[in-house]
Amino acid sequence: MDHQTPSEAQSPPSEAQSPPSEAQRSPSEEPADLSSSAKGNLELLTRFKDHEEAQISGMQLVIERISGFFGSPAYFAFAVAFIVIWMLVNAWGAHAGWRHVDAPPFSWLQGLVSSNALLLTVAVLIRQKRMEKVAEHRSHFDLQINLLSEQKVTKILQIVDELQRELTALRAHPDTEVAEMSKPADAHALMHAIKKTQTER
């Protein structure tokens, strides 16, 4: 007859004590917590982003990558190091009597910095112009969704108003607030009121 020692009887398996952590879970298990509507929204946003990126030309993509590199901390460190080394080397060369040297106030360095600033400004403007078009498309999409949501809410309020009228016939006192909310909103009148309010400020 086998006998277990107290240490063996009291120590459960290690797998039961340590459940898998969040880092050990596979990526395929994470979206399982999302609802079907949330997954559909994520897929829609992904397709929208892929469609916008597919319309970028090769030259546009190169310019945006260059502008992205210019805005990185690595390029900032490179620019500072290049300017400091340029000034130190040319200052030492002028003191040593070099013939070809960019003496202070470093006119060649100023030309290089000005040319770099011009190219960087153009690249940023090109990227900003495309991002403004994307933002405009998204704002139009948001407007259409908001108008559609308003129409659905109005329809629901109309149904509620019909039910409330049936109850009113039994209770003999109407609810004017529900009747007013069930009317569809006038988008043109609302936009005109917003513009008028902004111009009066």
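Here, buried means under 20% relative accessible area, exposed means over 50%, and partly exposed lies in between (1.4 Å probe, protein chains only). The model is predicted: local features need pLDDT of at least 70, side-chain atom pairs count only at pLDDT 80 or more, and totals for chains, interfaces and linings use all residues. Residues are numbered from 1 along each chain as its sequence is written, and side-chain values use heavy atoms, leaving out hydrogens and water.

**Exercise 1.** Work out how many helices and strands the chain has, then look at H5.

*Solution.* Start with the DSSP runs, numbered from the N terminus (helices: H or I, at least four residues; strands: E, at least two). The chain has eight helices and zero strands. Next, take H5, residues 73-96: its 24 residues reach 34 Å from first C-alpha to last. That is close to the expected 34 Å, where the expected span is 1.5 Å times one less than the number of residues. Within H5, the buried residues are Tyr 75, Trp 86, Asn 90 and Gly 93. Finally, step just past H5 to Gly 97, which has a positive phi of about 90 degrees.

**Exercise 2.** Classify the pairing of Phe 69 and Phe 70.

*Solution.* Recall the rule first: rings of Phe, Tyr and Trp (its six-membered ring) pair if their centres lie within 6.5 Å, and planes under 30 degrees apart are stacked, over 60 edge-to-face, the rest tilted. The whole structure holds six aromatic pairs. Phe 69 and Phe 70 make a tilted one, 6.3 Å centre to centre with 45 degrees between the planes.
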